[in-house]
Amino acid sequence: DRRRVHGDFIGEWANSDKIKSMLNVPPQHQYVGCNDEMYANFSKDISESFAWQVEALLGKVKVLIYSGQDDIIVNTAGTNNWLSQAQYPPDMAANWANVKKQRWTIQGFPVGTVKINKNFYYAVVNKAGHLVPTDNPRSALDMLTRFINGDQNWTCLLYTSDAADDLLCVDLGGRRIIKKK
């Protein structure tokens, strides 16, 4: 049973009355983490490519694609290969190959990399496999927060006087200070 692999703490949380009320979920609905019937219904989709749908969104809405560094199901190398060949809108196409990867840090500790081109974000999460939020919840939350906030600079070091003099961004125990030029 796949549910035992990661415990059912997510199910317990999602099915609590408090969370259902906050998310406006009807009380009779139950969250089920691994549903074999649902998996069977979507099994045909596993071998289908949906790249064209993602490509259609680029340039129109914010898009975040992320990979767990240790994911053996949807491996990072395969995602990198697809992204290098994706059909980007004209204003993004020439830029993707030239966009530099940023080292992504939380309180000065490296947790992955990110590549940002306008409204398109691609993050690789260290110490995570296929289930990034389960494997590395702190990094997953930080990634989603930065994406939602539209952060362009994901590299912040812990405060030192040298770092404060040299960097655009300094992390003071979880609070990022963006320095103006």
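Predicted model: local features only at pLDDT ≥ 70, side-chain atom pairs only at ≥ 80, totals over all residues.
**Confidence**

The average pLDDT for the protein is 81, and 81% of the residues reach at least 70.

**The cores**

Now for the inside. The largest nonpolar core is made of 15 residues, and the ones with the most contacts inside it are Trp104, Tyr121, Ala123, Val125, Met143 and Trp154. Strands β2, β3 and β4 (120-125), along with helix α8, are the elements that each give two or more residues to this core. Apart from that there's a second, separate core of 11 residues, with Leu58, Val63, Ile65 and Leu83 among them.

Leaving out residues up to four places away in sequence, Ala123 touches Ile65, Tyr66, Ser67, Trp104, Thr113, Val114, Met143 and Trp154. Ile65, in that list of neighbours, is one of the residues of the second core.

**Helix α5**

Helix α5 covers residues 76-85, and its buried residues are Thr76, Thr79 and Leu83. Viewed down the axis of α5, these fall within an arc of 60 degrees, so they line one face of the helix. Turn to the face pointing away from the buried side and you'll find the exposed residues Ala77, Ser84 and Gln85. Leu83 also turns up in the second core.

The N-terminal end of α5 has a cap, provided by Asn75: one of its side-chain oxygens sits 3.3 Å from the backbone nitrogen of Ala77.

Side chains of opposite charge can pair when their charged atoms come close. The structure holds one salt bridge. Its partners are Asp142 and Arg146, whose closest N and O atoms are 2.6 Å apart. Both belong to helix α8 (residues 137-149), and because they are four residues apart there, about one helical turn separates them.

Is this pair buried or exposed? Asp142 counts as buried, at 17% relative accessibility, and Arg146 is buried too, at 3%. Beyond the residues up to four places away in sequence, Asp142 touches Trp104 and Ile106. Trp104 is also among the residues with the most contacts inside the largest core.

Where do they sit? Asn24 is in the loop between α2 (17-22) and α3 (36-42), while Gln107 is in the loop between β2 (102-106) and β3 (109-117). Asn24 is exposed, with a relative accessible area of 69%, whereas Gln107 is partly exposed at 22%.

Here are the relative accessibilities of the residues from these last two sections.

| Residue | Relative accessibility | Class |
|---|---|---|
| Asn24 | 69% | exposed |
| Gln107 | 22% | partly exposed |
| Asp142 | 17% | buried |
| Arg146 | 3% | buried |

Terms used:
Residues numbered from 1 in each chain as written. Heavy atoms only, no water. Buried < 20%, exposed > 50% of the residue type's maximum accessible area, 1.4 Å probe, protein only. pLDDT = per-residue confidence, 0-100. Arc of directions from axis to C-beta. Polar contact = N/O pair within 3.5 Å; in protein donor to acceptor, adjacent residues only side chain to side chain. Salt bridge = Lys/Arg side-chain N within 4 Å of Asp/Glu carboxyl O. Core = buried A, V, L, I, M, F, W, Y, C linked by side-chain atoms within 4.5 Å. Contact = heavy atoms within 4.5 Å.
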